[in-house]
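Please open the model in your viewer and keep the sequence panel beside it.

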Amino acid sequence: MARRDSQRAEPTTCPCGQGLPYADCCRRLHTGSADAPTAEALMRSRYAAFVVGDPEYLLRSWHTSTRPPRLRLDPGQRWTGLEIVDTDRGGLFDSTGTVEFRAHYREAGRPGTVAERSRFVREDGRWVYLDAGST
């Protein structure tokens with residue numbers, strides 16, 4: 001099982017926004033017991049990994065050609081919500097897809113938003129994050 005930031009408790013409801021229990025949703029992807037079936041599911045699981053403080057999962061779900069050697073999450077940043085704006089392809093039978101989203105956070109008491117149009121591809125049959133562009 002991946003290490004989690006010791007200051008963050010495991011959530012009951014999954015932070016990805018699907019309304020399911022975390023144990024039945026993104027936790028399965030985070031622990032490696034399941035793979036994301038779609039690009040959107042992978043994007044949601046990556047957001048949830050930021051919420052629960054799981055940089056190992058973020059690195060494992062990143063394409064080998066664009067993945068950084070290490071990733072340190074900001075412990076002062078608290079992710080507060082995810083909005084999926086648009087998706088293009090990224091389904092069960094696709095090999096590429098994009099997901100446009102807004103991820104909301106608070107840092108030092110101030111709200112912020114990351115807006116991104118992420119590209120995803122299949123690598124060894126699994127969806128992985130390739131790169132991002134601004135929206």
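Begin by selecting the charged side chains, with Lys and Arg counted as positive, Asp and Glu as negative, and His and the chain ends left out: the chain carries 20 positive and 18 negative ones, and the centres of the two sets lie 4 Å apart, each charge being placed at NZ of Lys, CZ of Arg, CG of Asp or CD of Glu.

The model is a predicted one, in which local features need pLDDT of at least 70 and side-chain atom pairs count only at pLDDT 80 or more, while totals for chains, interfaces and linings use all residues. Residues are numbered from 1 along each chain as its sequence is written, and side-chain values use heavy atoms, without hydrogens and water.

Next, show the C-alpha trace of the chain, which spans about 40 × 35 × 30 Å along its principal axes. Colouring by burial (buried means under 20% relative accessible area, with a 1.4 Å probe and protein chains only) brings out the 41% of the 135 residues that count as buried.

Switch to a cartoon coloured by secondary structure, where helices are DSSP runs of H or I with at least four residues and strands are runs of E with at least two, numbered from the N terminus.

Finally, select strand 2 (residues 96-107) and strand 3 (residues 110-123), which run antiparallel and are joined by twelve bridges; pairing requires at least two bridges found by DSSP. Within this pair, Y105 stands opposite G112 of strand 3. The hairpin has two residues between its strands, and A108 there takes a positive phi near 55°.

Methods
Buried < 20%, exposed > 50% of the residue type's maximum accessible area, 1.4 Å probe, protein only.
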